[in-house]
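Student: I would like to go through this structure term by term. For each label, please show the value and the cut-off behind it.

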Amino acid sequence: MLISFLVACASMKEQAIEQAMDKIWNQGDLTVIDAAYTPELAAEVKRFVVDNRALYPDIHINIDNTIVKDDWFVTQWTVNGTHRDLKRPVKLSGVSIRRYEGGKFVEETMVYDLKSVYDQLGFRVIPPVGTSPFDGVSPAANQVVSPVIDTSSFPAASALAVSKTTTVA
């Protein structure tokens, strides 16, 4: 009896977070953010959602899996959308880890592969010097290597703000 009660409670929390993410991302209901997050964190989350919904007007999130343990909510998700300027589709999978305290989310970390987004949009990104133990030397040819970002396919500066990882504590 106790186990079925605990499973039911966890299931209710999972459903609640999945419904909230649907309302926020798929329906654009920002009032859910105010209800679910502390004011400080809500401002960051709203900005992130608004920016991404503007860049990907047809954005759609699918919740693939949700795990609830104590005050922690882990959500595995997949996002699909078409970039507004480039008209290229993007599919991105990631994980959000949220901590719940006092009736609100007080912390959120999102983990995803931003380079895959750039690749899908057709950008060529080469890391800047100073980020690798091999910087300055090409192991194959012993030639000096300089950082390059090919911006020839950028139609507008807004394309640079594809998405970002947000960690707010």
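Tutor: What follows takes the labels one at a time.

Student: What kind of model is this, and how are residues numbered?

Tutor: It is a predicted model, in which local features need pLDDT of at least 70 and side-chain atom pairs count only at pLDDT 80 or more, while totals for chains, interfaces and linings use all residues. Residues are numbered from 1 along each chain as its sequence is written, and side-chain values use heavy atoms, with hydrogens and water left out.

Student: Why is Thr-75 called buried?

Tutor: Buried means under 20% relative accessible area, exposed means over 50%, and partly exposed lies in between (1.4 Å probe, protein chains only). Thr-75 has 1% relative accessibility, so it counts as buried. Thr-75 is found in strand 2; helices (H or I, at least four residues) and strands (E, at least two) are DSSP runs, numbered from the N terminus.

Student: What is Thr-75 in contact with, beyond its neighbours within four places in sequence?

Tutor: Contact means heavy atoms within 4.5 Å. By that rule Thr-75 is in contact with Ile-17, Ile-63, Asn-65, Thr-66, Gly-94, Val-95, Ser-96 and Arg-98.

Student: What makes the pair of Thr-75 and Arg-98 a polar contact?

Tutor: A polar contact is a pair of N or O atoms within 3.5 Å; within protein, one must be able to donate a hydrogen and the other to accept it, and residues adjacent in sequence count only if both atoms are side-chain atoms. The side chains of Thr-75 and Arg-98 make such a contact at 3.2 Å.

Student: What makes Arg-98 count as lying over the face of Phe-105?

Tutor: A charge sits over a ring if NZ of Lys or CZ of Arg is within 6 Å of the ring centre and within 35 degrees of the ring normal. Arg-98 is at 5.9 Å from the ring centre of Phe-105 and lies over its face.

Student: How many aromatic pairs are there in the whole structure?

Tutor: A search finds seven. Rings of Phe, Tyr and Trp (its six-membered ring) pair if their centres lie within 6.5 Å; planes under 30 degrees apart count as stacked, over 60 as edge-to-face and the rest as tilted. One of the pairs is Tyr-37 with Phe-105, at 5.4 Å centre to centre and 45 degrees between the planes, which is tilted. This pair links distant parts of the chain, since Tyr-37 is in the loop between helix 2 (31-36) and helix 3 (39-55), and Phe-105 is in strand 4 (residues 104-112), 68 residues apart. Both Tyr-37 and Phe-105 are buried.

Student: Why is the pair of Phe-73 and Tyr-100 given its class?

Tutor: The ring centres of Phe-73 and Tyr-100 are 5.8 Å apart and the planes are at 55 degrees, so the pair is tilted. Phe-73 is in strand 2 and Tyr-100 in strand 3, 27 residues apart. Phe-73, at 6% relative accessibility, counts as buried, whereas Tyr-100, at 30%, is partly exposed. Tyr-37, Phe-73, Tyr-100 and Phe-105 form one aromatic cluster.

Student: How do you know that strand 2 and strand 3 pair?

Tutor: Two strands pair if DSSP finds at least two bridges between them. Strand 2 and strand 3 have eleven bridges in the antiparallel sense, and Trp-77 has Gly-94 in strand 3 as its bridge partner. Strand 1 (residues 60-69) and strand 2 (residues 72-82) also pair in the antiparallel sense, over nine bridges. There, Asn-65 has Gln-76 in strand 2 as its bridge partner, and His-60 stands opposite Asn-80.

Student: Which residues have the most contacts inside the largest nonpolar core?

Tutor: A nonpolar core is a set of buried Ala, Val, Leu, Ile, Met, Phe, Trp, Tyr and Cys residues joined through side-chain atoms within 4.5 Å. The largest has 32 residues, and Trp-25 and Tyr-37 have the most contacts inside it. Helix 3 gives the largest share, six residues.

Student: Which residues of helix 4 are buried?

Tutor: In helix 4 (residues 114-121), they are Ser-116, Val-117, Tyr-118 and Leu-121. What covers them includes strand 3 (89-101) and strand 5 (124-125).
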